[in-house]
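Open the model in your viewer and get ready to select residues. This tour goes from pockets to strands.

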Amino acid sequence: MCCLNAVFWTTGLKTTGSVQDNINLATFERLRFSIPDLVEQKRIAHVLGSLDDKIALNRQINTTLESMAQALFKSWFVDFDPVIDNALATGNEIPEELQARADRRRALLSANTATTAARLPQDIQQLFPDRFVFTEDMGWVPEGWESSCVGAEFDVTMGQSPPGHTYNENGDGLPFFQGRADFGFRYPSNRIYCSEPKRLAKKADTLVSVRAPVGDVNMASEECCIGRGVAAVRHLSGSCSYTYYSMAQLREHFKVYEGEGTVFGSINQQDFKALPVLTVPEQLVSCFDRISGGLDKKIELNTQGINSLANLRDSLLPKLLSGQLSISEAEQALDEVN
């Protein structure tokens, strides 16, 4: 497909069609274009392959960085590891439901091979309580943390679809996301725009799919318009990282709504805001944001790098095939991104 696109680009061919762009067989058979010899093809493949390798490496790094932040969120706010550690240190009772976890933490912290990550700095460790209390709706939770709901802890904006005639692919207005169709690893791809947006998401808001599949999450890379298949969420503290990983952690709750509805699953505003979460001390939210925010910033920069590399690769291909750009010039462009 890339090679055909390059052919169309080098010949100046414009495809036409009433519904979608197309080319008929007679026109296709009349196309004339030159193909580089095998040696030249291999050199071109090497240049483009180097860019693909860099893109793949950045994607792998991003996956690792997100996994690190997810693991930290789960340890602090789901498994309550620091609270268990404090309870063990002070000799406070560990609830039976948490005993297995406590045994694993005790073994980990007492082992000579205990990792630095398992032992928090003292200034962070002391932000966590040293005992648990029982709640009817969420079971055992850290003392001082209260059971709550999404609507009480987060600002939630449910999307609203603008009139269809305001949609375009020309970049007129703001990027528009009707659902999760354009969601990527972390950020959605700008494909459709809207000239008369109704509901907006701010940069770094967490975008949540509220129509099938319910619960997929992304982060807005810029201000954008959201349709009825998307909600924009941000914690009341303003912490973007805490919001993102909180919504990702709610995936099991979202699954309940996947099978509902006459055509496909969905979750309405009332049910979304009623989903259970904890009220976490603001100091801890801020602390998590400082740590995971650094990881998220690296993901953002890597993503920008991936986009730049992909744009460079896509621009080099037709120029190399057409002879407009020499291999040495392409290699020089490649060196500039190393």
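Before the first stop, a rule for sorting residues: Ala, Val, Leu, Ile, Met, Phe, Trp, Tyr, Cys and Pro count as nonpolar, Asp, Glu, Lys and Arg as charged, and the others, Gly among them, as polar. Keep in mind that this is a predicted model.

**Stop one: the largest pocket.** Select Arg-186, Tyr-187, Glu-300, Thr-303 and Asn-307. These lie nearest the centre of the largest pocket, among the 29 residues that line it. Its volume is about 710 Å³. By the rule above, the lining of the largest pocket divides into 9 nonpolar, 12 polar and 8 charged residues.

Now colour α3 (38-77), α8 (240-249) and α11 (282-322); each supplies at least two residues of this lining. Which helix gives the most to the lining of the largest pocket? α11 does, with 12 residues.

**Stop two: the second largest pocket.** This one has a volume of about 420 Å³. Select Phe-77, Val-78, Met-138, Gln-249 and Pro-276, the closest to its centre of the 20 residues that line it. Elements giving two or more residues to this lining are α3, β2 (139-142), α8, α9 (251-255) and β13 (276-279). The lining of the second largest pocket holds 16 nonpolar, 3 polar and 1 charged.

Finish on β6 (residues 174-177) and β7 (residues 193-194), which pair in the antiparallel sense over 2 bridges. Select Leu-174: opposite stands Cys-194 in β7.

How values were computed: Residues numbered from 1 in each chain as written. Predicted model: local features only at pLDDT ≥ 70, side-chain atom pairs only at ≥ 80, totals over all residues. Heavy atoms only, no water. 1 Å grid on protein atoms, 1.4 Å probe; cavity = no way out; pocket = protein on both sides within 12 Å on 5 of 7 lines; lining within 4 Å. Points joined across faces, edges and corners; volume = space filled by probe spheres on them. Helix = DSSP H or I, 4+ residues; strand = E, 2+ residues; numbered from the N terminus. Pairing = 2+ DSSP bridges.
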